[in-house]
Amino acid sequence: MVKAKSRGLEYVEPIGARVLVRKDEPKRQTKGGIALPDASEIPTITGRIVAISAQIENDEDTPLRQYDKILFHPKNAIPVDFESDNQLFVIPVDDVVAVFRRGTPEEKSEE
């Protein structure tokens, strides 16, 4: 298992059906050029999986892997505050809404 390294702690290893996610920076502007206000609330956030628990790693029915970009609901996200320049969260797998993949679903089903 790959560990997230930091200064004071050696790593964070999620336990149970959870993943460690580095949250993406919030978008300040849409692709069409519309500026978003700072107080806009979006109920889901994107990020990259930094580490996964052993339970998820061994579960073939859960298609999550390290470095996957995911869309997640932040309600049950637990912030991990030991990297000042990164926003890390421990996320229950049930709050992962989607995984971003390259290609089309048809290509995956042909494999």
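In what order do the six strands of the open sheet lie? The order is β4-β5-β1-β2-β3-β6, with antiparallel pairing. Strands here are DSSP runs of E, at least two residues long, numbered from the N terminus, and two of them pair if DSSP finds at least two bridges between them.

This is a predicted model, in which local features need pLDDT of at least 70, side-chain atom pairs count only at pLDDT 80 or more, and totals for chains, interfaces and linings use all residues. Residues are numbered from 1 along each chain as its sequence is written, and side-chain values use heavy atoms, with hydrogens and water left out.

Select the edges of the sheet: β4 (78-80) and β6 (96-100) each pair on one side only. On average, neighbouring strands are turned by 40 degrees against each other, direction ignored; the axes are lines fitted to C-alpha atoms, and angles run from 0 to 180 degrees between N-to-C directions.

Next, select residues 18-23, strand β1, and residues 88-92, strand β5; five antiparallel bridges join them. Arg 22 is placed opposite Leu 88 of β5.

Move to β3, residues 69-72. Ile 70 and Phe 72 make up its covered face, Lys 69 and Leu 71 its uncovered one. Leu 71 is partly exposed, at 21% relative accessible area (buried is under 20%, exposed over 50%, partly exposed in between; 1.4 Å probe, protein chains only).

Now show the neighbours of β3. Strand β2 (residues 45-52) pairs with β3 in the antiparallel sense over four bridges, and Gly 47 has Ile 70 as its bridge partner. β6 also pairs antiparallel with β3, over four bridges, and there Lys 69 stands opposite Phe 100.
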